[in-house]
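The entries follow the order in which I looked things up.

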Amino acid sequence: VTEVRLPATLTPLFVALPRRLEVDATTVLDAFERLEARWPGLRDRLVEEGPALRRHLHVYVDGQRADLATPLGPDSRLDVVAAISGGCQN
Amino acid sequence: MPKTLLTIATRKGVFLLDSDDRRAWTLRGPFCEGWPVYHAIFDPRSGSIYAAAASEWHGSAVWRSRDLGSTWELSSEGLSYGDDAGRKVSKVSTLALAGDRLLAGVEAPGIFESRDGGETWSLLSTLSGQPGSEVWDDPGHQPPGHLGISGFVCDPADSERFFAVVQGVGAFETEDGGSTWMPRNRGLRRDWPAEWEEVGFCVHKLVRSADPRRLYQQNHVGVHRSDDGGRSWTEITEGLPSEFGFAAAAHPHDRDTAYVIPLDPGHGRLMPDGRATVWRTRDGGSSWEPLRRGLPQEAAHLGVLRQAMAIDDEDVPGVYVGTSTGQLFASADEGDTWSEIARYLPSISAVEVAVLA
C-alpha cells in the first residue's frame, strides 16, 4: 500500500478528498488512475496529454524525484507537490 | 426592476457584481479557488454561470455554478486533444452560447463543445485546412501571446452560424455549426507582408451590432466596420488617438453606435497620456467622441484587455470596463458618465453582463 500526499491546491476541487490517503498501485500513473476511480476528474488535474505529468507538478517516490512510470513498492510514499518554481528535471 | 449581473474573470478567480439599479453594486468572490480565469458568462436559459480557466498546476477546465455563484464545480472531461495528437489544451480562453451548445475556444487553437451544460466536452474543430494552417498552427511558430481561439461571435437568429477569431491569424465563420469555415478578413489592413491573401490578420475583438449584417472590430492596426456580415471590411480609425486597442462593444439597439478603447501600441498598451477614455461613435465610425466624465484623468495608466468591455441590452444600455489593474468602471447612460464600481480586484481578463428578469 502506498501512502499518497496531495497538494493543498488539489483537495478543494473534489468532495471529501483528503490530503493524505492510501492506494494499492504499481506505478505513479496507476496510483492516479486508482484515485480517478474514486474522484472522477482527478487524473486530469495531475496528468496532461501524452500522458505526461503536468508541467508544474513534481512527484517524489520515497523522497526521490519521480515520474508517471516510476514503480511503487509495497510500502512506498508518494508525494505530489505543486512546484513554487520551475526547478530542474536533472 | 431587473437585476444586473456582471461576471468578472480575473487572474485570481471569478468575481460577481449584482445591482438592482446599475448604480449600487454588491461584490462577491473570489470564486473558482482563485484559478486564473479568462472569461466568464451567464447562460440565461439554464441560469448557469460558466468560467474558462487554466491553472498553472492543474490544467484547463470550465467551472460552472448552477446557483448564481453560491457553489461551483469544474470539469475538463473530454477537453483534451488526446494523447496522440501532438497538441495540448494549455488554456481555455473564451466561451459562448450557440443554441443549446456551450462553446469553448482554447489554446492550441481549437473549439470544444458541450451539450450537457459543461459536464462533458468534445472537440468540434481545429480549423485545420484553412489557408496556411500547416504553418500558423505549428507549435514551433507560436507568437509571444500564444495562439488560440480568442473570441466567438454568435448569431442569435441562427445557432449554426458563428465566428471564431484565431489570435494573430484572423476571423473565420461557419454556417454549418462548425464543420466548415470561411476566412472573413477581406479589406482589413495589415502592416506586414502577406503570406496568404485571406489570413494573417490580427483581429483583437469582433462584435456584432444591432443590425446582424453590421460588425465592428478592433484590430491590431485600426478599427474596422463591415456592413455585409463580415465578408468585407472598411477601416474607420480616423478620429481616434491610436489605431491600437483590444476591447470593443456595439450598442444593442443602434447599429451606428460602437465603443473602443484606444491604447498606446508597443509594449505598454495603456490608455494614452494617463487619461482613462472610452471612445464612442454615433455614426458608424465616421466620427468619434471621447467619453471621460467620471473616469480618472490624471496618472491613470490603465490597460483593458480584449474581453474586458461589455454592454447590456437595457433601453438605455450600460457599459462596463475592467482594467488589467483591477478597477471596474460602469456607465448607466451609454457611456456619457462613469463611476468606479470596484477596485483592488486582481487583473481583469474579461467582463460580461446579463440582465436577469
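**Conventions.** I am working with a predicted model, in which local features need pLDDT of at least 70 and side-chain atom pairs count only at pLDDT 80 or more, while totals for chains, interfaces and linings use all residues. Residues are numbered from 1 along each chain as its sequence is written, chains are lettered from A and ligands numbered from 1 in the order in which they are written, and side-chain values use heavy atoms, with hydrogens and water left out.

**Interface.** I looked up the contact (heavy atoms within 4.5 Å) and found that 17 residues of chain A and 18 residues of chain B take part. For buried area, the accessible area (1.4 Å probe) that two parts lose on being put together, summed over both, I noted about 1400 Å² between chain A and chain B, with 50% of it on carbon and sulfur atoms. On the side of chain A, the most area is lost to chain B by Leu13(A), Arg45(A) and Glu49(A), which together account for 45% of what that side buries.

I then looked for salt bridges (a side-chain nitrogen of Lys or Arg within 4 Å of a carboxyl oxygen of Asp or Glu), and the count between chain A and chain B is one. Glu48(A) and Lys88(B) form a salt bridge through their side chains, at 2.5 Å from N to O.

**Arg5(A).** I located Arg5(A) in strand E1 (residues 2–5) of chain A, a strand being a DSSP run of E with at least two residues, numbered from the N terminus. Arg5(A) counts as buried because its relative accessibility is 19%, and buried means under 20% relative accessible area (1.4 Å probe, protein chains only). Apart from neighbours within four places in sequence, Arg5(A) is in contact with Arg19(A), Arg20(A), Arg77(A), Leu78(A), Asp79(A) and Val80(A).

**Cores.** I took a nonpolar core as a set of buried Ala, Val, Leu, Ile, Met, Phe, Trp, Tyr and Cys residues joined through side-chain atoms within 4.5 Å. The largest has 48 residues, and Phe32(A), Leu78(A), Val14(B) and Trp63(B) have the most contacts inside it. A second, separate core of 37 residues includes Leu17(B), Met271(B), Val304(B) and Ile311(B).

Which residue of chain A does Trp63(B) touch, not counting residues up to four places away in sequence? I found Leu13(A), listed with residues of chain B, including Cys32(B), Trp35(B), Tyr50(B) and Trp72(B).

Notes: Helices (H or I, at least four residues) and strands (E, at least two) are DSSP runs, numbered from the N terminus. Buried means under 20% relative accessible area, exposed over 50%, partly exposed in between (1.4 Å probe, protein chains only).
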